[in-house]
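Here is a friendly walk through a fold, in questions and answers.

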Amino acid sequence: MVWRILKYIEHLFYRRHRQGRRIHSPYLFDFVHHVIFNASKGEVPVKIQKLHRELRNDLNLVPAGTPGAPSSADKSENRTVRSFVRVSSVSRKQGALLYRITQWFKPEMIIELGTGLGISTIYLAAGSPETPLHTIEGNPDRAEFAAGVIKRCELEGVKVHYGDLDQKLNDIIPDIKGRFVAFVDGNHRYDPTISYVRRLITTVGEEAVIIMDDIYWSRGMNLAWQEVISWPEVRVSIDLYHMGILLLRKDLHKAHVKIKF
Ligand SMILES: C[S@@+](CC[C@H](N)C(=O)[O-])C[C@H]1O[C@@H](n2cnc3c(N)ncnc32)[C@H](O)[C@@H]1O
């Protein structure tokens, strides 16, 4: 915990690329200014915003227990939807960023590892509603709950796969199309995280965007992030503290950017 706080303070005071300064690549400049800082003011649909707000205040119970690395909030037997959504799901700001990423990138496929209750899923899907989205969740009650949330948003291209991330990712990989967006947000441990990202990177055709959540959640997750960004296939890494974004396009120059988001 102390380590996380120190890392956060370090991140806040890292000034080099604050507000997207000193970025010379036009592609990266566009991404940072129009997608991360939302200069084009793309707004998340009201339906998504309303549902997220409703679930942030929902006192119904969802069974706890996670197949992956448990958070401290997962220790009780049951959690309210409110607790899960506030502690374990993306925030409204992060959700809006996921929405802008899929809206900007127009992927041919979206892959999500770790559906939870479907909050991040609806933002990813709403940004590019025509794109097929495959999301994997290992807790059956959460998978069912998420399917209901997605249905309420009328996002028809989303398929929730119930099962272990490792196994289900292998099933999906043969169908991955060239341009994809992947959101890695399940089983926050070093080895599985490295393995998921490695397998996704191996499938990259022309271009892809991979978002890793909670890159400072633990030393292990941070080590995984540091390792992944050193791989030659990862051209650009953007460290936002709560999330890290990998841009995979062969004509980009290798760059690491840290941004206060
Ligand atoms: C942080 S939550 C996902 C939150 C969601 N992405 C959001 O922002 O709304 C991580 C989820 O991954 C699932 N998970 C963890 N390890 C897993 C594994 N090995 N196989 C399948 N699901 C797993 C957990 O059950 C949990 O619901």
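Q: Welcome to this predicted model! Which strands does helix 2 lie across, and at about what angle does helix 2 run to strand 9?
A: Find helix 2 at residues 26-36. This helix lies across strand 7 (207-213), strand 8 (236-239), strand 9 (243-249) and strand 10. Its angle to strand 9 is about 140°.

Q: In what order do the eight strands of the open sheet come?
A: The sheet is open, and its pairing is mixed. From one strand to the next, the twist averages 15°. Read across the sheet, the order is 5-4-3-6-7-9-8-10.

Q: Why is one side of strand 5 and of strand 10 left without a neighbour in the sheet?
A: Look at residues 158-162 for strand 5 and 255-258 for strand 10.

Q: Which strands does helix 7 touch, and what angle does its direction make with that of strand 5?
A: Helix 7, residues 140-152, packs on the sheet. There it touches strand 4 and strand 5. With the direction of strand 5 it makes about 170°.

Q: At roughly what angle do the axes of helix 3 and helix 7 cross, and how many residues of their contact are charged?
A: Helix 3 spans residues 46-56, and its axis comes within 10 Å of that of helix 7, crossing at roughly 145°. Helix 3 brings K47, L51, E54 and L55, while helix 7 brings F145, V149 and R152. By class these are four nonpolar, no polar and, as asked, three charged.

Q: Which residues line the largest cavity, and what is its volume?
A: The structure holds one cavity of 30 Å³ or more. V184, D185, G186, N187, H188, T193, M212, D213 and M221 line it. By class they make three nonpolar, four polar and two charged residues. The volume is about 30 Å³.

Q: Is L223 buried or exposed?
A: L223 sits in helix 10, residues 219-230. Its relative accessibility is 53%, and the cut-off for exposed is over 50%. L223 therefore counts as exposed.

Methods. Residues numbered from 1 in each chain as written. Predicted model: local features only at pLDDT ≥ 70, side-chain atom pairs only at ≥ 80, totals over all residues. Heavy atoms only, no water. Pairing = 2+ DSSP bridges. Helix = DSSP H or I, 4+ residues; strand = E, 2+ residues; numbered from the N terminus. Axes fitted to C-alpha atoms, helices over the stretch in contact; angles between N-to-C directions. Contact = heavy atoms within 4.5 Å. 1 Å grid on protein atoms, 1.4 Å probe; cavity = no way out; pocket = protein on both sides within 12 Å on 5 of 7 lines; lining within 4 Å. Points joined across faces, edges and corners; volume = space filled by probe spheres on them. Nonpolar A, V, L, I, M, F, W, Y, C, P; charged D, E, K, R; others polar. Buried < 20%, exposed > 50% of the residue type's maximum accessible area, 1.4 Å probe, protein only.
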